[in-house]
Amino acid sequence: MQSESALLQVRDLKKYFPVQRGALRRTSAWVKAVDGIDLDVEEGETLGLVGESGCGKTTAGRTILRLLKPTSGEILFRSKSQGGGEWIDVSTAPRRMLKALRAEMQLIFQDPYSSLNPRLSVGSIVGEPYLVQGELTRSERDARVKDLLVAVGLKPDHMKRYPHEFSGGQRQRIGIARALALDPQFIVCDEPVSALDVSIQAQVLNLLESLQQDFSLTYLFIAHDLSVVKHISDRIAVMYLGRIVELSSAAELFSEPKHPYTEALMSAVPVPDPRFEAERILLEGDVPSPIDPPEGCAFHPRCSYADPICRQETPVQRDLGDGRSVACHFADTLRLQPIQQEERSTNLSNH
């Protein structure tokens, strides 16, 4: 069923990579990087996507943008320019339509150093999307680039400089300006602050929030830092081994987690007070291989609540109401530990 308020709907999305061996490069197995995820992204919202490194977050984001061709599934996008507000399946869109869709779906890269061409000036980097789409004259392009640089907190004369002349935070602002060039509706932010200093992270996050209001943007915000995701997200999806295990509003997720993996992630969030001792949940064992995931629930080898049913049956994503869903056999009976927000604020205010 298609939501009237959604901008993007992902249905049973899978992305498998072949493992090839031998002189003939025969496929002997498949890496199940994304193994059947369902997501709705509402227009104007920020949906956070979190999980451990290697869980498939970045692959999911790039597959949604069709930078990687999906193995199967649907990626339905409500394009204003192509379908007049009708749903378009990005996964099967022809090349000509896909080029036009690129203007509406953009990506902010994780690494502000390697994502900018060191041989191009800032003006050429930010203005390159206009060359690809062939929309503006040289003078119009330069004027638009100057406006974008000002919008992201840089100066118009910065367009004549090169990436090596800027700090990491400034480079990320250049990358954000490039993503905004073609006036997109939807932007995948692939860990846009993980490579930055903590003090700069807050500036970039505030900039993204401000730009969201000014440009009417919708974000899929990928990160592994829960504190960052909580700051910027309206809803949060928790991903483990290629699957979504919990989806909830940010407030509900942090006050009442429903999946044991979410509980473990929250216990790892550092508290900025040396006098506060949080109970850390240490997960046993390593993350299973996406080539050969466990039978049943993929999290059961590391879960302290696992029962025999967890080893035998794969839990389906169950709707708990109010837009909340979880893939756990015991979501209704477990009483999990939320992140210690009240204790943290008390300790900080008393000292």
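Let's start with Phe-299. Phe-299 is buried, at 3% relative accessible area. Buried means under 20% relative accessible area, exposed means over 50%, and partly exposed is in between, with a 1.4 Å probe and protein chains only. This is a predicted model, where local features need pLDDT of at least 70, side-chain atom pairs count only at pLDDT 80 or more, and totals for chains, interfaces and linings use all residues. Residues are numbered from 1 along each chain as its sequence is written, and side-chain values use heavy atoms, with hydrogens and water left out.

What does Phe-299 pair with? Its partner is Tyr-261, in an edge-to-face aromatic pair, 5.4 Å centre to centre with 65° between the planes. The rule is this: rings of Phe, Tyr and Trp (its six-membered ring) pair if their centres lie within 6.5 Å; planes under 30 degrees apart are stacked, over 60 edge-to-face, and the rest tilted. Tyr-261 sits in helix 9 (residues 260-267) and Phe-299 in the loop between helix 9 and helix 10 (308-312), so the pair ties together parts 38 residues apart in sequence. Helices here are DSSP runs of H or I with at least four residues, strands are runs of E with at least two, and both are numbered from the N terminus. Tyr-261 is buried too, with a relative accessible area of 0%.

Next, charges. Side chains of opposite charge can pair when their charged atoms come close. A salt bridge here is a side-chain nitrogen of Lys or Arg within 4 Å of a carboxyl oxygen of Asp or Glu. How many does the structure hold? Nine salt bridges.

Take Arg-243 and Asp-35. Their closest N and O atoms are 3.1 Å apart. Arg-243 lies in strand 10 (residues 243-249) and Asp-35 in strand 2 (residues 26-42), so this bridge ties together parts 208 residues apart in sequence. Arg-243 is partly exposed, at 28% relative accessibility. Asp-35 is buried, at 11%.

Now Asp-332 and Arg-318. This salt bridge has its closest N and O atoms 3.0 Å apart. Asp-332 is in the loop between strand 12 (324-326) and helix 11 (341-350), while Arg-318 is in strand 11 (residues 318-321), 14 residues away. Both partners are partly exposed: Asp-332 at 48%, Arg-318 at 25%.

One more bridge: Lys-258 with Glu-256, 3.2 Å from N to O. Glu-256 is partly exposed, at 40%.

Lys-258 and Arg-318 come back at Ala-331. Ala-331 lies in the loop between strand 12 and helix 11. Its relative accessible area is 1%, so Ala-331 is buried. Leaving aside neighbours within four places in sequence, Ala-331 is in contact (heavy atoms within 4.5 Å) with Lys-258, Arg-318 and Val-326.

On to helix 4. Helix 4 has 14 residues, 138-151, and at 1.5 Å a residue should span 20 Å; its end C-alpha atoms are 20 Å apart, which agrees. That expected span is 1.5 Å times one less than the number of residues. Which residues of helix 4 are buried? Arg-141, Val-145, Leu-148 and Leu-149. Seen down the axis, the buried residues of helix 4 fall within an arc of 100°, so they line one face. The arc is taken from the directions from the helix axis to the C-beta atoms. That buried set packs against helix 3 (122-133) and helix 5 (168-180). The face turned away carries the exposed residues Ser-139 and Asp-147. Just after helix 4, Gly-153 takes a positive phi of about 90°.

Asp-12, in strand 1 (residues 6-21), has phi near 50°. Arg-25, in the loop between strand 1 and strand 2, has phi near 55°.

Last, the cores. A nonpolar core is a set of buried Ala, Val, Leu, Ile, Met, Phe, Trp, Tyr and Cys residues joined through side-chain atoms within 4.5 Å. The largest has 57 residues, and Ile-176 and Phe-221 have the most contacts inside it. A second, separate core has 31 residues, including Leu-13, Val-34, Ile-88 and Ile-222.
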